[in-house]
Amino acid sequence: MQNSRRKFLQQIGATSLIASASPFTSLAAQEKAEERILHYGKAISPNDKIRIGVIGYGVQGHFDLRTALKVPGVELAGICDLYPGRLDNAKEEFGNEIFTTRDYRELLNKKEIDAILICTTDVWHARMTLDALAAGKHVYCEKPMIYKINEGYPVMTAAKKSGKVVQIGSQRVSSIGYAKAKELLAAGDIGKLNMVNAVYDRQSSIGSWEYTIPKDADASTTDWEKFISITGKKMPFDAKKFFWWRAFKEVGTGVAGDLFIHLLSGTHLITNSKGPESIYSTGQFSYWKDGRNMPDVMSGVMQYPDSPEHPAFQLTLQVNFISGTGGQEVIQLVGSEGVIQVQGNNITVKHSLMPEAPGFGGYDSLFTFSKSMQNEMQKDYDAKWTPEQRKRKTKEDIVFKAPAGYSDHLDHFTNFFDAIRTGKPVVEDAEFGFRAAVPALACNESYFTKKIINWDPVALKLK
Ligand SMILES: NC(=O)c1ccc[n+]([C@@H]2O[C@H](COP(=O)([O-])OP(=O)(O)OC[C@H]3O[C@@H](n4cnc5c(N)ncnc54)[C@H](O)[C@@H]3O)[C@@H](O)[C@H]2O)c1
């Protein structure tokens, strides 16, 4: 028990956290991590064992499972995937005795499984979440929670009714860095928020979703008919649609569902927002001519209304898959007195304050007037404003860094399992997942229809 707790503390970077006295380390981060560690110490007991099953053992299924198993008391009870190569891979990793299946219902039927991790292609998320809840399981479902906006309503209802924990997998919202950004914004550190500019650029084939396709991929090894059955459409086998699904609208949600969603969930967490009231998006095919039917360069513009949670602000979103920047991920929150830049788990705050006095002279129309007018007005200005009032006030810039080895992914899973054990709310429940998914999916809708999508973020209805 002690050992597993010690291991856990090392994994979340807690030891370096406690030891660190760097002025750059977020105080809130220390408090939060310490609080979580103390809390966790109490929660671990033999009764607290949680057995999990994984549906979708592709790239993220691997990362999610590895991370989930780092949380003390969590055990693997079975893995489901359509492609047998991934089930072979599971047996190579966890031994022949591990239960594997190509039919996720077999996993849901297992009584000993407490929680299901849904890490499949987006088009399956809602169906599997509903089935898992109906089977009495807690659910961790990857982002985006849904593939179509309408799928969100039954998922939210089922999550509420079930009394089970549902957490959506935008792990960044559990980041101590994001918590710090939220705290700084609420404290008025950058004045009044008016804009958020968020960018997620890449410049590589893998970053643009051209993952390696195994040599044995065919209709039978991918269980193609089952894979597309959820779409209700007939489609000839296409290995790209199975392995590069993000790039195809029939089964994927493009850059909006894959990456805008991270920027949206981050923005919503930090600003406490319920969501935008209007959404517009534009896209183009710039570089990856590989048969994809979803753009590789896309921008979104959204208007967030004045609300009890935040003042009105605009959100610009951008994904560029052939970006000469080499790639970047940043959410920049701009206020009247500064900016907060969120990059990974690190936060940079820069300030710029306007002087109290209005401008006079310099690059101004003043010099175009007659000398006597200039002199008279200069006297008036000097009488009204002190030299102090004419200066920009300065406020220090600060960088907050997460401790080395810190993992928001592990924090997100810890939060999920904590909620199962203690009944505490999760960071990203079905409603949060829906509120982030809607504007992302609305970007696709706007791109295809070339229309502005209007949304009521309070009533949760399209207008
Ligand atoms: N949170 C993050 O940062 C993050 C990162 C990457 C991916 N994701 C999400 O994780 C999910 C999976 O992405 P990925 O990159 O691992 O994709 P992937 O293609 O590598 O894996 C998806 C797996 O799901 C399986 N699958 C599909 N339909 C199935 C079904 N009906 N039954 C059983 N298995 C089925 C496929 O066989 C495949 O192995 C996506 O929703 C994606 O958006 C999240």
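Of the 463 residues in the protein chain, 43% count as buried. The model is a predicted one. The protein chain holds 16 helices and 16 strands. Among its contacts with a separation of 6 or more, 74% are between residues 24 or more positions apart.

One is built from six strands in the order β3-β2-β1-β4-β5-β6, and its pairing is parallel. At its edges stand β3 (100-101) and β6 (166-168); each has a single partner strand, so one side of each lacks a neighbour in the sheet. Inside this order, β1 (residues 50-55) and β4 (residues 115-118) are paired in the parallel sense through four bridges. Along that pairing, I55 stands opposite I118 in β4.

The other sheet has ten strands, ordered β14-β13-β12-β11-β7-β10-β9-β8-β15-β16, and is open with mixed pairing. Its edge strands are β14 (398-400) and β16 (461-462), each of which pairs on one side only. Strands β7 (residues 193-201) and β11 (residues 328-335) run antiparallel and are joined by eight bridges. L193 has G335 as its bridge partner in β11.

Helix α9 (residues 176-186) packs on it and touches β7, β11, β12 (338-343), β13 (346-351) and β14. The direction of α9 makes about 170° with that of β12. Helix α12 (residues 254-271) also packs on the sheet, where it touches β7, β9 (297-304), β10 (313-320), β11 and β12. For α12 the reference strand is β7, and the angle between the two directions is about 145°.

The ligand is the next stop. Where does it lie relative to the domains? Domain 1 (2-172 + 407-422) and domain 2 (174-355 + 391-406 + 431-462) both contribute residues to the shell around the ligand, so the ligand lies between them. There are 26 residues around the ligand, and those that come nearest are G56, G58, Q60, T120 and E142. By class, the shell is made up of eleven nonpolar, eight polar and seven charged residues. Helices α4 (59-68) and α10 (224-229) each supply at least two residues of this shell. The largest share, three residues, comes from α4.

Some backbone details in the loops remain. The peptide bond from K143 to P144 is cis, with omega near -20°. P144 is placed in the loop between β5 (138-141) and α8 (152-162).

The loop between β7 and α10 contains W209, and D223 has its place in the loop between β7 and α10 too. W209 is a residue other than glycine with a positive phi, near 85°. D223 is likewise not a glycine, and its phi is positive at about 50°. D223 has 17 other C-beta atoms within 10 Å and so is partly exposed.

Note on methods. Residues numbered from 1 in each chain as written. Predicted model: local features only at pLDDT ≥ 70, side-chain atom pairs only at ≥ 80, totals over all residues. Near = placed C-beta within 6 Å. Nonpolar A, V, L, I, M, F, W, Y, C, P; charged D, E, K, R; others polar. Domains from an automatic or database assignment. Pairing = 2+ DSSP bridges. Contact = placed C-beta atoms within 7 Å. Axes fitted to C-alpha atoms, helices over the stretch in contact; angles between N-to-C directions. Buried ≥ 20, exposed ≤ 12 C-beta atoms within 10 Å, placed from the backbone.
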